[in-house]
Amino acid sequence: MSKAIEIYGPLLLVSEVSGALYDELVEVELKNGDIRSGKVLEIKDDKALIQIFEGTEGLDLKTIKTRFTGKGLELGVSKDLLGRIFSGLGKPIDNAPDIIPEKKVDINGSSINPFSRNYPNDFIQTGISTIDGLNTLTRGQKLPIFSGSGLPHSRLAAQIARQAKVKGGGSDFAVVFGAMGITFEDAEFFIRKFRETGAIENAVLFINLASDPAIERIATPRAALTAAEYMAFDLNMHVLVILTDMTNYCESLREVSAARKEVPGRRGYPGYLYTDLATIYERAGRIKGKDGSITLIPILSMPDDDKTHPIPDLTGYITEGQIILDRALERKNIYPPIDPLPSLSRLRDKAIGKGKTREDHPNVANQLFASYARGREVRELMVILGEAALSDIDKKYLKFADEFEDKFIRQDEMEDRSIEDTLNLSWELLKILPKDELKRIKPEFIDKYYEA
Amino acid sequence: MIKKVAGPLVIANIPDCKKGDLVKVGKLRLVGEVIEIRGDLASIQVYEETSGLKVGDPVQNTGMPLSVELGPGLLSTMFDGIQRPLVELEKASGVFIARGVEVPSLNRTKKWTFKPVKNKGDEVSVGDIIGEVEETSLIVHKIMIPHGISGKIEEIKSGSFTIEETIAKISGQEITMLQKWPVRKSRSLKQKESVSIPLTTGQRIIDTMFPLAKGGSACVPGPFGAGKTVIQHQLAKWADADIIVFVGCGERGNEMTDVLQEFPELKDPRTGKPLLERTILIANTSNMPIAAREASVYTGAAIAEYFRDMGYSVALMADSTSRWAEALREMSGRLEEMPGEEGYPAYLSSRLADFYERSGYGKCLGTPEREGSLTIIGSVSPPGGDFSEPVVQNTLRVTKVFWGLDYALAHKRHFPAINWLQSYSLYVENLSKYFKENIGEDFPAIREEALRLLAKEAELEEIVRLVGMESLSQKEQLILFVCKIIREDFLYQSAFDPIDQFSSLKKQYNILSLIMILHKKSLEILDFGVEVKDIQKIDTISRISKLKLTKEEEIPQEAESIRQDMKNKMENLIGRANNE
Ligand SMILES: Nc1ncnc2c1ncn2[C@@H]1O[C@H](COP(=O)(O)OP(=O)(O)OP(=O)(O)O)[C@@H](O)[C@H]1O
Ligand SMILES: [Mg+2]
């Protein structure tokens, strides 16, 4: 019989253990009969160090009983996951009965063999111009939203979830939503949005609120992705996974690391944060010979809007681009406040153009980018040197930038623009500029679309 | 028997083990390596996920060091960090990688046609080439006498063999086409020589401005999204090396898939053969076990050196070495070693130096006499894009070329985002003879002039920002104009345009010469009272802009025509200025 000998932070150390497995699930029974779950972080001789997901508050060394389950933390999966709401640890919290699992899967998953992957190059239409036109999302991509406190990332994510579709339709679509440490209002917002549109039928929700145990958050994205993998690769569905807020997840990880007295990396986050995040983000993708896919949109709030903070920084090093929300646009009351300049979809070039979206799309995207960048430069110049310093062509760029923000970036939360709409709108705006300024566009497209 | 498990570190008591021994851990027989010994306790770095191990589980010592298998079958293959072929892993365990799967690195059943080049009775020793196998339509695999063997050939065969069948007998020893080599041990050249030939990459800013030499080493640091991987892929595609070893170290799975799907379609510009046929891929993606990340760069280096020993020029790309350094840091932390700067172990700098020292050019061991080279290009992913961190700094101390990627340039979508003010190549001197003899007598001179103008441009821009364009003299305005052309029409290069993605040295020379002639002639005519705004109107300039998108074979003629045209137009301008 094992003996609890130390409790510190979220950790419990037990001794006189025999046969504990590294990384296995442990159940800790309290005197009042409550059961908490934990994970073995380290084993040494007869000792096991356990991370308690629900926290160690209220545990005492004398009366608790630990039981080693002999397996990892698992999620029971079946078709019936759809439409259900679970806790951050994967326990039902919607007052409906437990699902009868078709199988139980370790939430850590295993790495996809890179040889078995299929390159993501199918265009997903989100109906949002700044994404579809400039920073295209593809099926199987991992594309985070870098946000900040008070910015409308939740509305944007819900809009993407509501509107996302692939040209020509195709397999069943599902949404997996993993919430880590978000507020009750934010969670309610998502649930309401999913209900309103009927999307809840095809959604699975894993919810850990700000008031729920922090350490549980370490399991939440993994449980969500385990459900997603089952639906994508067993049921051949196209799954969109939204994880919010990854910053809270990372903080829980830091808490455990600090309790273990590990050598801290930058800003106190553990040195293995990159690897840990990669084991989450790399679960997105497509697999050869399977119809389904996992498209992952993690949301994170950048502390101080600082892109070089370890969480956005390491995320950017793993994901295939980033959508960046901008406070200045938000202040101008522009929704969605996506700044196209620092945003990037690395998989765009292989997913757009002839046969995928429209022949002029790659050229138009580059031109919009260049022209808007130039317009912003002019705007800054004007601030320093005054409007009088602007040439005629400068003024046109300025007008372009203003209109671009007002018509292209700005769109209604309920507005679902087709890619054709987005491209046609682009041409409308490009007409503000003289034809010979459009250096990134092939003459044949100028003839066809500028003149039209 | 296991005593402790903490992530990828397992401590076990293994009687009589040596540092570096390959061990099999637990009932699943996970692959591990002894990295430290204290008393009878060995610290083992485990190359697979360790979940499910427990105290008391067995550890079996193979007594052999972690090794790579060398022989026909390496090319066009993608391996994991410890050289397990990923296609075989898929066959064995499906699309998700299972643990404890044992598959041989090289195919044991495939027959290769072996053609001997030595005869019975010949005396041979280490490194001597005794026969050849046409491994792919692009590469002839030379079968060399392994280390530790020498003597008289008693028998040598010809025909079709697997890599384990005997192809020759030398002093009583049977020789096969399969050799093993300890991963961490470097294979030596007979004699290292100084580098003198460029490794051309088809990338203008690299070949012309900051060239790399065959046998040299380069460091490509940059923040996320700045273009490290695109550059490494461009090099893997277009560098004029015979063999490419690409190590995807702790990066994205899709990037490896991209290479696998794209390379068979791409043709080598020199031979017209599929590029995959000269390529070996090592993939330890960011979600694969961290310890294998550390091994992956060595696996790549050992394979690269083996091909170098055949007399080939080999280029090894490691993307990203930061992930390898992080793996070192993680193991060091678990071993409770004293952390150095930013938690990295004190031996980080010596490990990096040892690795880059494996690059080089020189005479290979054995006969016939031949020269081989190994060029190493490592990308570095510094946190927050800050180049002052330990991995960048320690790498710069041992590499001779620095292509610093710049967030500001990438943000403006100026690609490759190599900062021309910051970057350098210490091979410029060594290579200038080659460039003069093979490309153009004035090639080094125009390069220098272009860089000088670009440096001047940066100064002038600072002035413009403060007081506006008007304050600049005509000559200064000309510099700004010419530099814009250098940046947009020479330095900028799209990796995705079918023509622009590769520029031969001749093409690079042609474009840059024209731009420099434009500058020189313009300077001359400014003295005649011509103004920069008149020069800007010369329509020939737009023809220079189009050159990068012009096919190689049309370049010489078009360049000559532009040269003439430009001359005429300039003379016209002088004429007009004189009349006014
Ligand atoms: N030469 C180029 N031509 C066109 N686009 C480029 C070029 N280089 C980079 N890019 C663009 O920049 C994006 C990011 O490049 P890349 O993936 O190489 O960055 P990275 O430095 O490797 O980032 P990370 O550290 O996150 O892996 C590419 O997806 C592409 O859109
Ligand atoms: Mg990269």
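B:Pro416 sits in the loop between helix 9 (407-411) and strand 26 (424-425) of chain B. Helices here are DSSP runs of H or I with at least four residues, and strands are runs of E with at least two, numbered from the N terminus. The peptide bond from B:Phe415 to B:Pro416 is cis, with omega near -15°. The model is predicted: local features need pLDDT of at least 70, side-chain atom pairs count only at pLDDT 80 or more, and totals for chains, interfaces and linings use all residues. Residues are numbered from 1 along each chain as its sequence is written, chains are lettered from A and ligands numbered from 1 in the order in which they are written, and side-chain values use heavy atoms, without hydrogens and water.

A cis peptide bond also joins B:Thr367 and B:Pro368, where omega is about -10°. B:Pro368 belongs to the loop between strand 23 (360-363) and strand 24 (371-380) of chain B. In chain A, A:Glu16 has a positive phi, near 55°, and is not a glycine. A:Glu16 lies in the loop between strand 2 (11-15) and strand 3 (25-29) of chain A. Most residues other than glycine have a negative phi, and most peptide bonds are trans.

Within chain B, the axes of helix 7 (residues 348-356) and helix 8 (residues 390-398) come within 9 Å and cross at roughly 45°. Axes are lines fitted to C-alpha atoms, for helices over the stretch in contact, with angles from 0 to 180 degrees between N-to-C directions. Helix 7 of chain B and helix 8 of chain B are therefore oblique to each other (under 35 degrees is roughly parallel, over 145 roughly antiparallel, 65 to 115 roughly perpendicular, and the rest oblique). Contact (heavy atoms within 4.5 Å) involves residues including B:Leu352 and B:Tyr356 of helix 7 of chain B, and B:Val391 and B:Arg397 of helix 8 of chain B.

Between the chains, the contact takes 59 residues from chain B and 58 residues from chain A. The area buried between chain B and chain A is about 5100 Å², and carbon and sulfur atoms give 56% of it. Buried area is the accessible area (1.4 Å probe) that two parts lose on being put together, summed over both. In chain B, B:Phe224, B:Arg252 and B:Asn254 lose the most area to chain A, together 16% of what that side buries.

Across this interface the rule finds 2 salt bridges (a side-chain nitrogen of Lys or Arg within 4 Å of a carboxyl oxygen of Asp or Glu). A:Glu42 forms a salt bridge with B:Lys4, and their closest N and O atoms are 3.5 Å apart.
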